[in-house]
Amino acid sequence: MYSDNSQRKLTKPVTLSTLKKMKAEKEKITCLTSYDASFTNVMNVAGVETILVGDSLGMVIQGQDSTLPVTIEDMCYHTAAVKRGNTNAFILTDMSFMSYSKPEQALDNAAKLMQAGANMVKLEGGSWLADTVKLLSQRGIPVCAHLGLTPQSVHKFGGYKVQGKSQDAADLLLQESLDLVAAGADILLYECIPTELGKTLTEAVPVPTIGIGAGHHTDGQVLVMHDMLGINLGHTPKFVKNFLTDGRNVTEAFEAYVKEVKDMTFPGAEHGFKS
């Protein structure tokens, strides 16, 4: 998948089959958020396999205080920009707040994102999404289901809090994961859950898992690009590490992230949560 030079530049397209093979072979998957063509191109050079066009753009690009104001039109615009800068990475795009409240609405909006350049769409929620995931899957749209802390539900949670800490909550996350995989989810993304729960869930499901604040046992890791470059405007979450240090340029920061995820030095114990 990579060239033989000192960089890990992707030399052929990363597909869903690639990611499933990486899980089977226990090779860690790397993912970063991007919102434009330029950074996307650099990520390809650095060997980042998956790029998430996140609704985090609401905060880091638009200056909003949450992801809720982001529209499906915003997501299409930034997906198209990322697509133009992409060569071989796999592109996931968030479906924005309330753009998938009904299955048929989700299908229409997911089609827009796929036409803009996404390879997969990501939805936040548990078992209640099963019918939507099933419909999208039947229509040939790959789905990533986002569980744990789901930022679009931050007001319901009462803030950005670690999820799955009690046994009942952990059991519920496991059941919801299995329900969504049964409905057709191709990837599961877990945010802000205990490290050991991340291990349990990753071992329990047959699809790749990607974590953010979910410990080092998940099949892959994702960070918001601005966070890992140390240029976020607000609170720095516990699970974030600044890779733009030690005289590195941006490309070298992305390469360092890829290396540390691959050799499992990131995330460390200090970046995870306990039950």
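I call a residue buried when its relative accessible area is under 20%. I keep in mind that this is a predicted model.

**Entry: the rings**

I looked up the aromatic pairs and found three in the structure. One of them joins phenylalanine 243 and tyrosine 257 edge-to-face, with 5.5 Å centre to centre and 85° between the planes. Why edge-to-face? I checked the angle: 85° counts as edge-to-face because the cut-off is over 60 degrees. This pair links distant parts of the chain, 14 residues apart. Phenylalanine 243 sits in the loop between α10 (225–228) and α11 (250–262), while tyrosine 257 belongs to helix α11.

Are these two buried or exposed? I find phenylalanine 243 buried, and tyrosine 257 as well.

**Entry: strand β6**

Next I turned to β6, residues 187–191, and found it mostly covered, with five of its five residues buried. Which way do they point? Ile187, Leu189 and Glu191 go one way, Leu188 and Tyr190 the other.

**Entry: neighbours of β6**

I then traced the pairing. Strand β5 (residues 143–148) runs parallel with β6 over five bridges, and glycine 148 stands opposite glutamate 191. Strand β7 (residues 209–212) also pairs with β6 in the parallel sense, over four bridges; here tyrosine 190 has glycine 211 as its bridge partner. Lastly, I noted that β6, helix α9 (residues 195–204) and β7 make up a β-α-β unit, and that this unit is right-handed.

Methods: Residues numbered from 1 in each chain as written. Predicted model: local features only at pLDDT ≥ 70, side-chain atom pairs only at ≥ 80, totals over all residues. Heavy atoms only, no water. Phe/Tyr/Trp six-rings, centres within 6.5 Å; stacked < 30°, edge-to-face > 60°. Helix = DSSP H or I, 4+ residues; strand = E, 2+ residues; numbered from the N terminus. Buried < 20%, exposed > 50% of the residue type's maximum accessible area, 1.4 Å probe, protein only. Pairing = 2+ DSSP bridges. Right-handed = clockwise from strand over helix to strand, strands pointing away.
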